[in-house]
Amino acid sequence: MIKILSVFVFLSLELFSQENLDKKIYFDEFLNKALKNSPYLKELNLDIKKSSLQGEISTRYKNPSIELGYTHFSADSGVDENGYSVALSQSLTLWDVANDKEKASLSGQKKSQAKYLLAHSKLVQDISSSFALYAQEKDLYILKKQELSLAKKIYDISQERYKLGTISKGKMLQTKVDFEMADTALNIKELLYKERYFKLLELAGYFYEIELNHKHNFELEIKTDLNPDLILQQKTKKYVLDTAKVDAHRVEAIDLVVEFENEPQENIYKIAIAVPLAIFDTKYEEREIAKIEAKKLDYAIKNYSSKISFKILQLKQERDLLISVKNKNELTLTTQKKLLLMFEDAYKIANANLLELQNVKNKLIQTKKNLIHNKFALDNNAIHINYISGAYNE
C-alpha cells in the first residue's frame with residue numbers, strides 16, 4: 001500500500017513538470033532564416049531593381065538619327081554634277097516632361113519597395129501565426145502525454161486495489177477504458193501536432209526536419225510604424241498621380257534637325273525644330289482617368305484607415321479580456337492543485353475513492369488545456385496588433 005500511495009506523489013510532480021526544452025532553434029532564429037531565404041521576398045527585391053532600371057529607361061535620351069542623301073544635277077550645257085546632303089536629328093524631351101518622368105520613376109521604385117514591405121510583414125505574420133498554432137498543438141500533445149501517464153498510473157493502482165478487494169472489478173475496468181481512450185487520443189493529437197509542424201516548415205521554407213523549441217511568447221511590439229497595406233495604397237496613389245502628370249503632357253518632346261546640303265553652286269546649312277501639333281491627341285481622357293483612379297485610392301485609404309483604428313480598438317479590448325481570463329484560470333489551477341493534495345491525503349485514509357480522485361485530476365487537466373488555448377489566443381492577438389500597427393515592417 002505504501003508503494004501505491006507513493007505513486008501519487010510522483011504523479012503530482014510529473015503532472016506539473018516542464019518538458020526539457022533544450023532545443024537547437026528558437027523562434028527568432030527560425031524566423032530570421034526563413035525571411036533571409038524566402039524566394040518570394042528575393043523575387044520582390046528584384047522587382048525593386050527592375051523598377052529602378054525601368055525608370056532609367058523612361059528618362060534616357062533617344063538615339064539620334066542621321067540621313068544621308070545623294071543628288072545628281074543634269075545641266076543644260078551637258079555637264080552633269082553631283083551633290084549630297086547630311087541631316088542629323090535628335091529628339092529632345094522637354095524639361096518639365098523630363099522632370100515629371102523622374103518623379104514618376106522614383107514613385108515607381110517606392111511603390112515596389114512598399115510591395116516588398118507588405119510581403120515581408122505578411123510573411124512575418126503568417127509564420128508567427130503558424131508557429132503559434134503549432135506551439136499550441138505541441139503543448140496539447142505534451143499535456144495529452146501527461147494525461148496518458150496519469151491514466152496508466154491510475155489503472156495500475158486500480159489493479160492493485162482490485163487485487164486487495166478494496167474496489168470492484170467494474171471500477172477497475174472503467175480506469176482501463178479511460179487509459180485505452182487516452183492512448184488513442186494521444187495518437188490522434190500526435191498526428192495533428194505533426195501536421196502543424198510540417199505546415200510551418202513548408203511555409204517558412206524549411207524542407208527538412210529541424211529541432212524547434214516551441215516555447216515562445218508573442219508580445220506587443222513597442223516600435224510601430226504605418227500599416228503596410230496603407231503604405232502601399234499611399235505609394236500607389238503617388239505613383240498614379242505622378243504617372244498621370246507625365247501622360248497629361250500634350251507635347252513631350254521636340255525634334256532638333258541640323259542639315260547640310262552640298263550643291264554645285266552653293267552650300268546650304270539648315271537648323272530646324274519639329275514640334276508635334278496637339279490637335280487630335282490632347283490627352284484629356286488620360287487626365288480624367290488618372291483623376292478617377294486617384295479619387296478611388298483616396299476613398300480606399302480613408303476607409304482602410306478607419307478600419308485599422310477600429311480593429312486595433314477591438315483587439316486591445318479582446319486582449320484585456322483574455323488576460324483577465326488567464327488570471328482567473330491560473331487562480332483556479334492553484335485551487336485545483338490544493339484540492340488534488342487534499343484528495344490524495346483523503347485517499348490515504350480511505351475517505352475518497354479512486355474515481356473521485358480521477359475526476360479532480362481530469363478537471364485540473366482541463367484547466368491546463370484552457371490555459372494553453374488562452375496563451376494561443378493572446379499570441380494570436382499580439383501578432384495581429386503588431387502587423388496592423390506596422391511593427392513587422394522591415
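Which side chain meets that of Asp242 in a salt bridge? Lys238 does, with 2.6 Å from N to O; a salt bridge here is a side-chain nitrogen of Lys or Arg within 4 Å of a carboxyl oxygen of Asp or Glu. Before going on, please note that this is a predicted model, where local features need pLDDT of at least 70, side-chain atom pairs count only at pLDDT 80 or more, and totals for chains, interfaces and linings use all residues. Residues are numbered from 1 along each chain as its sequence is written, and side-chain values use heavy atoms, leaving out hydrogens and water.

Asp242 and Lys238 sit 4 residues apart in helix α6, so about one helical turn separates them. (Helices are DSSP runs of H or I, at least four residues, numbered from the N terminus.) Asp242 is buried at 4% relative accessibility, while Lys238 is partly exposed at 43%; buried means under 20% relative accessible area, exposed over 50%, and partly exposed in between, with a 1.4 Å probe and protein chains only.

Now look at helix α7. Glu288 forms a salt bridge with Lys291, their closest N and O atoms being 3.6 Å apart. Here Glu288 is partly exposed at 28%, and Lys291 is exposed at 55%. By this rule the structure has 12 salt bridges.

Let us turn to the nonpolar core, a set of buried Ala, Val, Leu, Ile, Met, Phe, Trp, Tyr and Cys residues joined through side-chain atoms within 4.5 Å. The largest one holds 52 residues, of which Phe30, Ile127, Ile210 and Leu212 touch the most other members. Helix α4 (95–164) is one of the contributors, and α4 gives the most, with 16 residues.

Terms used:
Helix = DSSP H or I, 4+ residues; strand = E, 2+ residues; numbered from the N terminus.
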